[in-house]
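Here are my notes for you to read with the structure open beside them. Take the points one at a time and find each residue as you go.

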Amino acid sequence: MKILVCITHVPDTTSKINFKDNNTRFDISGVQFIIGPYDDYALARAVELKESTGSTLTVLNVGLADTEPTIRKALAIGADDAIRVNAEPVDSFFVATQIAEQAKAGGYDLILMGRESIDYNSGVVHGIVGELLGIPSVSPVMKLDIEGTRAKVTREIEGGKEFLEVGIPFVAGCQEPIAEWKIPNMRGIMSARTKPLKVVEAKNVDSGVKLKKFELPPAKGAVKMIPADNVGELVTLLKTEARVL
């Protein structure tokens, strides 16, 4: 079985976010980048499947050269090789198109990725990839087991869980608790330096989406303390200021 895991190169959640060029570009100065946390779950489960089934595991990232340390970390965790599509990931359709092109060329049986990235949080890439390839797409996947040419999947739905069986190939958008994150050991880090990382040029595609500007959320206002015995004032403020009633 050939497994493809798609990873994002995203700011650590502790990073301070700023914009530049009149709020039209993200300022990466001083920002620490990581593998997307949901992608980390997908990668961890893929490593487990690789070890239990003798599969091959490739990681894929759509990004410029500065994403290569993140890709090398994925190789250190257990991937066999990597592909970097040499382009800025401008929007979901663009990224999904690049993934679909590489998946089609590589003939992968299982395409795993996080349910969403933590920068844009669109949560649609896996669905678009499935549509472009004409194969099923399931998300958010909490459990994944492979039995021959079929996969047994548990996913989260509103109010509970759904148990599915799907044929291979298919696309899965993963989340916890599908697997526990894996930390690269020294042997993995050393071997990652020599594992193949192929750089390919992006397919030319125009999604029709144009970015106008970024905007930070408004600063939080001062806290108003209401005496416990003044319920009337609390209700009035919830109606007139907070507008939640």
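**Notes on the fold**

1. Let's begin in the middle. In this predicted model, the largest nonpolar core has 37 residues. Val5, Leu43, Val59, Leu112, Leu144 and Phe170 are the ones with the most contacts inside this core.

2. How many strands form it, and in what order? There are 9 strands in an open sheet, and the order is S11-S10-S9-S12-S8-S1-S6-S7-S13, with mixed pairing. Strand S11 (160–167) and strand S13 (197–201) are the edges, as each of them pairs on one side only. On average, neighbouring strands in this sheet are turned by 30° against each other, ignoring direction.

3. S8 and S12 run parallel and are joined by 5 bridges; here Leu110 stands opposite Phe170 of S12. S10 and S11, on the other hand, run antiparallel, with 8 bridges joining them. Ala151 has Val166 in S11 as its bridge partner.

4. Follow the chain from S10 into S11 and you will trace a hairpin, with 2 residues between the strands. Gly159 sits in the turn and has a positive phi of about 85°.

5. H1 lies across S1, S6, S8, S9 and S12, and runs at about 145° to S8. Helix H3 (residues 92–106) lies across S1, S6, strand S7 (81–86), S8 and S13, running at about 150° to S6.

6. Helix H4 (residues 125–133) deserves a careful look. Which of its residues are buried? They include Val125, His126, Val129 and Gly130. These residues cover an arc of only 135° around the axis, so they are on the same side of H4. H3, S8, S9 and S12 are among the elements that cover the buried residues of H4. After H4 comes Gly134, which has a positive phi, near 70°.

7. Finally, the cysteines. A disulfide is a covalent bond between the sulfur atoms of two cysteines. How many does a search of the whole structure find? The search finds 0 disulfides. For Cys6, the nearest cysteine sulfur is that of Cys174, 10 Å away, whereas a disulfide needs the two sulfur atoms within 2.5 Å. Seen from the other end, Cys174 is in no disulfide either, and its nearest cysteine sulfur is that of Cys6. Are these two cysteines buried or exposed? Cys6 has a relative accessible area of 6%, so Cys6 is buried. Cys174 is at 0% relative accessibility and therefore also counts as buried.

Terms used
Residues numbered from 1 in each chain as written. Predicted model: local features only at pLDDT ≥ 70, side-chain atom pairs only at ≥ 80, totals over all residues. Heavy atoms only, no water. Buried < 20%, exposed > 50% of the residue type's maximum accessible area, 1.4 Å probe, protein only. Core = buried A, V, L, I, M, F, W, Y, C linked by side-chain atoms within 4.5 Å. Pairing = 2+ DSSP bridges. Helix = DSSP H or I, 4+ residues; strand = E, 2+ residues; numbered from the N terminus. Axes fitted to C-alpha atoms, helices over the stretch in contact; angles between N-to-C directions. Contact = heavy atoms within 4.5 Å. Arc of directions from axis to C-beta.
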